[in-house]
Amino acid sequence: MATRRQFIRISAMGAGAVMAGAAGLRLLASEITDGRKASYVALTGRTPTYCEVCFWKCAGWVYKDEKGSIKKIIGNSEDQNCNGRFCPRGTGGVGMYHDEDRLKTPLIRTEERGKQSFREASWEEAFDYIAEKIKVISAEHGPECIALFTHGSGGKYFSTLLKAMGSPHIAAPSYAQCRGPREVAFQATFGETIESPERTDIRDTRCLVLIGSHLGENMHNGQVQEMSDAIDKGASIITVDPRFSTVAGKSKFWLPIKPATDLALLLAWINVIINEELYDKAYVEKYTYGFEYLKAHVKNMTPEWAYGITTIDPTMIRETAREMANAAPAVIVHPGRHVTWYGDDTQRLRAVAILNALLGSWGRRGGFYRPESFELPEPVHPPYPTPKRSWRTEFPDLYKMADTVLANGLCDATIPDPSRHCQFQGWIVNGTNLIETLPNQENTLKAIQALQLLVVIDTMPMEITGWADVVLPECTYLERFDDIRVGPHRRPQIALRAPAAEPMYDTRPAFWMARELAKRLDLIDYFPFEKLEDQLDWQLKQVGSSLEEMMRIGVKTFDRSYDDLYFAPDEDVEFYTPTGKIELYSTSLEEAGYDPLPKYTAHEEPPPGFYRLNYGRAPMHTFSRTSNNPNLTDLMDENSVWVNPRVAKEWGLSTGQYIHLVNQDGKRSEFPIKVRVTERIRWDSVYMVHGFGHDDKRLRRCYGKGASDTNLITKVHVDPVMGGTGMRGNFVTFVTDLSGEEVMS
Ligand SMILES: Nc1nc2c(c(=O)[nH]1)N[C@H]1C(S)=C(S)[C@@H](COP(=O)(O)OP(=O)(O)OC[C@H]3O[C@@H](n4cnc5c(=O)[nH]c(N)nc54)[C@H](O)[C@@H]3O)O[C@H]1N2
Ligand SMILES: Nc1nc2c(c(=O)[nH]1)N[C@H]1C(S)=C(S)[C@@H](COP(=O)(O)OP(=O)(O)OC[C@H]3O[C@@H](n4cnc5c(=O)[nH]c(N)nc54)[C@H](O)[C@@H]3O)O[C@H]1N2
Ligand code: SF4
Ligand SMILES: [Mo]
């Protein structure tokens, strides 16, 4: 058992006069001694944190005013993820703490699901209720019938709880709704995944190809900074996007591709690079497998062939292929991040991986570097029981390359179906607004209605909390410790998140919640430390640091312990693929029964009078989580629908007008959305920012503002390879008559 870390204690009275440590760290022993709240919070001065407004996890410093209220957050200059600078959302993170609509106490449902009737409950009551239900479900159906959906830091603690119970069913939307296909494709090709932060060496690149990756609106901090530095140093950008994105405006080439046809463009580029012998011959010879198969496969996939599909001029296809080859190996065909588009996403990303391999960019400066994460020892606990059942058995012969649990898979396997053996009975949902995050809301709600238990851990009264049986209010990231950030980068680095203030209202950190539940389920041995800060101190001391040191410096960087950032000239590299080579021809896909080389297949076209629904990010918001943030709503408080002038003319639409959207299945947007007429979108598509159109009235600032794209995504194209949910195959048309409707503008 850990010994309690002894900090220098300073009473509130003495705090003004005494400074502890060189960095002027002042600590105040918490008055709360029931083990629930963090023991120490900085009284004044700065507290280290890493941001939770998105998952780039920039490390920063939190400052408070004279009254002890959190005032501002700024970047930590030692941090590789942010280089001392936060993005607007990270800076606005203070608003999450100050938001008066936050969840304030535990809530227990009083009427059936679908009705917003809750009563306030004590923590004891809430935990007893949950533990009792979990015991009943485990006894009747087995612990495997309890699933965890999670996105964010608290997931770690609830994962420990699930595994200790004997359930392997832990899913995150960052896989099958986000980057899963690229990880599977790169794993199949190079034997390694891309991870987060991405291993793209943008800093030193000479040519960056962005395919539907709208860096700049997608504000992943260090990446955007490196891109802007690379542009200053003369790198060329090639942007492939049906929309004139912010980065398209900074690009040497903008290819306004017909949506859903990127695979044809990629295959044509491969064709040009092979036919014109622009590929890195020595690299291909030494490191790759299957070049001849690839060459034969793309033989007829000429730029002229692709023109008919993509609408991109063949000259442009050739010119851009040469631009990449001229820069090689300092070239990046970016793998993107949110890549679940059309259901053939793994194969599209395989083509991206192949193109990079031909250009020799993997393992080369200005291409993809070899990242390193920091290895931090985990606390010792008994082994986890072996689960007796797995979600996989419910999907025989499907998604064979999925290397993690699918959130949509768990959802589908919750809906009663006599052909299934294992039906999920209980969900624990931490930090993911599933109603807005999973496509096909009707499906999600059908699953939820079938549950015996739905527990939601959140900071805000988001849509998902409205469906819960029990809501557990978490304090924000500014009010808690969390695990040490160890994530990959050029050099191994760790970052600390410590509370800058005590949890407001009756909120608590997820670590404490998971541990309290573990106590009630006789699983406390899996949580050997009573307080997370003691665990962190123990972990840090194993590697020559301490909590005290990390409170002072926030971020610590270590030397690399293996490999160089790039392959040495002529280095013999063993790739973690079946052949030990970079697999242009994928033996693992073939073995699993999928196409070993990517093939183009056509996708459905919009019906007459309909337009493809395209969506993306805005620089000042993150998904649905920031739409009520007081600081960020000041910058943008609703989304709009982008419409091409030609279409606007046909429909008589003008900028500023509110309309409804109706999709191909007759699903209508719940709230009206403002029109933005712009040349920046193709005539066959419309565009909107994801995360608006909230329908929970407890979100007073953002309720009814703008429309939700998820509302209109009823058709899902599931990737047969790994189960990713392709969400861009939906089409909408316009309803202009809003007579009698109130617009929340
Ligand atoms: N239609 C549509 N669907 C999408 C996308 C899209 O663009 N369009 N994008 C996809 C992608 S790329 C991703 S990664 C996913 C993202 O999916 P999610 O991560 O589910 O996104 P959010 O909507 O931000 O939901 C986050 C939830 O966490 C809560 N939260 C915030 N901070 C904390 C905290 O500290 N503790 C706890 N316990 N909760 C907290 C928020 O209040 C919110 O309810 O969505 C995917 N789904
Ligand atoms: N500000 C901000 N930044 C974020 C986030 C956020 O919420 N807010 N979320 C983060 C997360 S988790 C993720 S996954 C990333 C997502 O960011 P990205 O992976 O960069 O982008 P997406 O949101 O998928 O893509 C949107 C772009 O794809 C284009 N597009 C649509 N259809 C097609 C097509 O058929 N072909 C091509 N070539 N392009 C197409 C759209 O016009 C749009 O410009 O952003 C991250 N960064
Ligand atoms: S990119 Fe912005 S929102 Fe994301 S972690 Fe960094 S500062 Fe926070
Ligand atoms: Mo994502």
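I began with the second largest pocket, which holds about 320 Å³ of space. I took a pocket as an open set of points on a 1 Å grid over the protein atoms alone, where a 1.4 Å probe fits, with protein on both sides within 12 Å along at least five of seven lines; lining residues have an atom within 4 Å of a point. The volume is the space filled by probe spheres set on the points, joined across faces, edges and corners.

I noted that the model is predicted: local features need pLDDT of at least 70, side-chain atom pairs count only at pLDDT 80 or more, and totals for chains, interfaces and linings use all residues. Residues are numbered from 1 along each chain as its sequence is written, and side-chain values use heavy atoms, without hydrogens and water.

I found 19 lining residues in this pocket, with I435, L445, W467, E670 and D695 nearest its centre. By class, the lining has 3 nonpolar, 9 polar and 7 charged residues. Its largest share, 3 residues, comes from α15.

I then looked up the largest nonpolar core, which has 69 residues; F186, W269, M324 and L358 have the most contacts inside it. Helix α7 (residues 262-275) gives the largest share, 10 residues. Such a core joins buried residues (under 20% relative accessible area, 1.4 Å probe, protein chains only) through side-chain atoms within 4.5 Å. A second, separate core of 51 residues includes I494, F511, F527 and L540.

Last, I listed the shell of ligand 3: 8 nonpolar, 2 polar and 2 charged residues, among them W56, K57 and R89.

Definitions and conventions: Chains are lettered from A and ligands numbered from 1 in the order in which they are written. A residue is near a molecule or strand if one of its heavy atoms lies within 4 Å of it. Ala, Val, Leu, Ile, Met, Phe, Trp, Tyr, Cys and Pro count as nonpolar, Asp, Glu, Lys and Arg as charged, and the others, Gly among them, as polar. Buried means under 20% relative accessible area, exposed over 50%, partly exposed in between (1.4 Å probe, protein chains only). Helices (H or I, at least four residues) and strands (E, at least two) are DSSP runs, numbered from the N terminus.
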